[in-house]
Amino acid sequence: MHIDLTGKTALVTGSTQGIGAAIATGLARSGARVAVNGRGEASVGAAIERILGQAPDADLVAAPGDLATDEGTAQVLRELPQVDILVNNLGIFGATPALEITDAEWRRYFEVNVLTAIRLTRAYLPGMRDRSWGRVQYIASDSAIVIPAEMIHYGMSKTALLAVSRGFAKEAAGSGVTVNSVIAGPTHTGGVEDFVYQLVDRDLPWEEAQRAFMREHRPQSLLQRLIEPEEIANLVVYLSSPLASATTGAAVRVDGGYVDSIVP
């Protein structure tokens, strides 16, 4: 299957590392012009250098800006007044006992994980409709369906993204624009390594710690390992392509069989 995104411009939020960086790399390898986003110019510049090391012919744009703020959002929109592919990947997570999550943390998780995506969709979707082509995606999580007891505020935000995605898909109905969520399973990123070590013995070597984490905290995974970011990116690239023209309003799983259900 050949995916050609030549002539398309993509914005991947939170793309300086982890899943976001893998998605940016995958889209660039498929020919898209890709805007790399992070809060500061230094982190964005370093990410672009790393991506170019993997994809030397990549057409990359620096789009720094803290999307959790009005000023940062305006900065990105000035740099990119229109895009063809919007991947809402930006998100924060962390473990906190349920009864210790403060009002401020509840608000922060909603504002960073959900409201940033809503703002950008509101900004870019009208232009996509006018051009009769576009792709909007929200990187959700298995935590949207299987709410983790240790971070229900994160689960709440990812469940909200499923609703937002389905709603905007209805808004885009019949326009040639597709809107979908990607339900990512437990994935191997630097941030997740820190999270794993919050829950298992920090003295364990990484491979042993990973196995202990999956065994003790994610035993229902059929993959029985953490997913690599590139495996998430492969699905996002496909959904960004003309080949996925009939997939919209969906919550598509790339979760290693973690969610124990035959339907999303």
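Where does S221 lie? S221 sits in the loop between helix 7 (206-217) and helix 8 (229-239). This is a predicted model: local features need pLDDT of at least 70, side-chain atom pairs count only at pLDDT 80 or more, and totals for chains, interfaces and linings use all residues. Residues are numbered from 1 along each chain as its sequence is written, and side-chain values use heavy atoms, with hydrogens and water left out. Helices (H or I, at least four residues) and strands (E, at least two) are DSSP runs, numbered from the N terminus.

**Around S221**
- S221 counts as buried because its relative accessibility is 5%; buried means under 20% relative accessible area, exposed over 50%, partly exposed in between (1.4 Å probe, protein chains only).
- A polar atom of the S221 side chain lies 3.0 Å from the backbone nitrogen of Q224.
- Leaving aside neighbours within four places in sequence, S221 is in contact with M214, G256, G257 and Y258; contact means heavy atoms within 4.5 Å.

- Seven strands form an open sheet with parallel pairing, in the order 3-2-1-4-5-6-7. Two strands pair if DSSP finds at least two bridges between them.
- Strand 3 and strand 7 (251-254) stand at the edges, each with a single partner strand, so one side of each has no neighbour in the sheet.
- Strand 2 (residues 33-36) and strand 3 (residues 59-62) pair in the parallel sense over four bridges. V36 stands opposite A62 in strand 3.
- From strand 2 the chain crosses through helix 2 (residues 41-54) to strand 3, in a right-handed β-α-β crossover. Right-handed means that, with the strands pointing away from the viewer, the path from the first strand over the helix to the second runs clockwise.
- Strand 6 and strand 7 also pair in the parallel sense, over four bridges. I183 stands opposite R253 in strand 7.

**The cores**
- The largest nonpolar core has 35 residues; I23, L27, V34, L60, V87 and V182 touch the most other members. A nonpolar core is a set of buried Ala, Val, Leu, Ile, Met, Phe, Trp, Tyr and Cys residues joined through side-chain atoms within 4.5 Å.
- Elements giving two or more residues to this core include strand 1 (9-12), helix 1 (18-29) and strand 4 (85-88).
- A second, separate core of 24 residues includes L11, L125, A172 and V177.

**Helix 6**
- Helix 6 (residues 190-199) has V192, F195, V196 and Y197 buried.
- Helix 7 is among what covers the buried residues of helix 6.

How values were computed:
Polar contact = N/O pair within 3.5 Å; in protein donor to acceptor, adjacent residues only side chain to side chain.
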